[in-house]
Amino acid sequence: MTFSKWQALGNDYLLVEQAELPEPLTPDRVRQLCDYHYGVGSDGLLEIVSVNVATAALRIWNPDGSLAELSGNGARIVAAWLARESASERVTLHIGELRVEANVRGDGNVELEIGRVEVGETETLDLGDERVDFTPVSVGNPHAVVRREPERGELLRLGPRIERHSRFPERTNVQLVRIDGRNDLTVGVWERGAGETLASGTSAVAAAAAAIANGWCESPVQVHLPGGVLLVELDGDRHARLTGPAEEICRIELV
């Protein structure tokens with residue numbers, strides 16, 4: 001089994017072509033591969049299902065063996081890989097029913113056209129011993145954006161409780177957000193199926209979209225994550241563009 005390992009602001013993924021697999025991937029196999037102690041280790045796995053020149057279809061696996069609807073960092077990684085393989089700067093990705101366009105720039109950054117982001121009204125979540133206000137956002141996957149200091153201890157305390165709250169039957173990604181200026185946010189990410197991560201592309205988009213909808217920020221927004229900075233731009237119809245780096249770390253063969 002041969003695959004490559006990539007990272008986008010410290011959010012690392014294994015990338016493998018389905019045609020190269022000796023047998024189909026299973027949740028158990030994905031969990032084993034993504035385990036940092038007993039496997040290769042990663043925040044998820046990108047399975048390339050098919051390729052047609054500059055168009056690819058893929059599945060995005062979380063490290064717990066579940067499937068994700070979308071990953072902004074994962075999609076940028078696949079776009080960078082596909083651009084290299086096809087010698088094309090413009091590539092198209094199909095992730096389930098989603099179609100995502102990307103432009104891979106010469107400076108190593110990838111511009112990803114996310115599509116329309118849905119932002120709901122602020123809600124209050126009852127956690128039993130406390131109540132937390134959040135803004136629900138859909139970026140093709142679910143998010144709960146909480147305006148609160150993104151201190152790590154608080155993220156580790158609140159993240160799993162909000163992720164698995166009954167309000168979210170399919171679970172949710174969680175962001176703790178601090179407003180640093182009209183065009184700047186600092187965000188801590190608790191990712192559904194992965195836990196604390198250094199960066200998340202869709203979380204950056206969700207946090208920026210919630211900040212703009214609530215009047216805290218205006219586009220473009222620089223989203224500061226533990227792994228680095230992502231740029232999020234939203235137009236008047238809340239169509240989002242996400243820009244950030246993606247690079248290959250190594251290529252691996254398992255025997």
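This is a predicted model: local features need pLDDT of at least 70, side-chain atom pairs count only at pLDDT 80 or more; totals for chains, interfaces and linings use all residues.
**Asking what the terms mean here**

User: Asn62 sits in the loop between β4 (55-61) and β5 (67-68). Why is Asn62 called buried?

Analyst: Asn62 has a relative accessible area of 5%, and buried means under 20%, exposed over 50% and partly exposed in between (1.4 Å probe, protein chains only). Asn62 therefore counts as buried. Residues are numbered from 1 along each chain as its sequence is written, and side-chain values use heavy atoms, with hydrogens and water left out.

User: Which residues is Asn62 in contact with, leaving aside its neighbours within four places in sequence?

Analyst: Asn62 is in contact with Val30, Gly44, Leu67, Ala68, Arg192 and Gly193, where contact means heavy atoms within 4.5 Å.

User: How do you know that Asn73 is buried?

Analyst: Asn73, in helix α2, has a relative accessible area of 0%. That value is under the 20% limit, so Asn73 is buried. Beyond its neighbours within four places in sequence, Asn73 touches Ala8, Asn11, Ala199, Ser200, Gly201 and Leu230.

User: What does the side chain of Asn73 have to do with the backbone oxygen of Ala199?

Analyst: A polar atom of the Asn73 side chain lies 3.3 Å from that Ala199 oxygen.

User: What makes Glu248 and Arg84 a salt bridge?

Analyst: Their closest N and O atoms are 2.8 Å apart. A salt bridge is a side-chain nitrogen of Lys or Arg within 4 Å of a carboxyl oxygen of Asp or Glu, so this pair qualifies. The bridge links distant parts of the chain, with Glu248 in strand β19 and Arg84 in helix α2, 164 residues apart. Glu248 has a relative accessible area of 25% and Arg84 one of 39%, so both are partly exposed. The structure holds 26 salt bridges.

User: Why is Arg131 called exposed, but its salt-bridge partner Asp126 partly exposed?

Analyst: Arg131 has 58% relative accessibility, which is over 50%, so Arg131 is exposed. Asp126, at 43%, falls in between and is therefore partly exposed. Their bridge spans 3.8 Å, N to O.

User: What lines the largest pocket?

Analyst: The lining includes Thr2, Phe3, Trp81, Arg84, Glu248 and Arg251. Elements giving two or more residues are β1 (2-8), β2 (11-17), α2 (72-86) and β19 (247-253). A pocket is an open set of points on a 1 Å grid where a 1.4 Å probe fits, with protein on both sides within 12 Å along at least five of seven lines; lining residues have an atom within 4 Å of a point. About 190 Å³ of space lies in this pocket.

Definitions and conventions
Grid points are joined across faces, edges and corners, and a volume is the space filled by probe spheres set on the points. Helices (H or I, at least four residues) and strands (E, at least two) are DSSP runs, numbered from the N terminus. A polar contact is a pair of N or O atoms within 3.5 Å; within protein, one must be able to donate a hydrogen and the other to accept it, and residues adjacent in sequence count only if both atoms are side-chain atoms.
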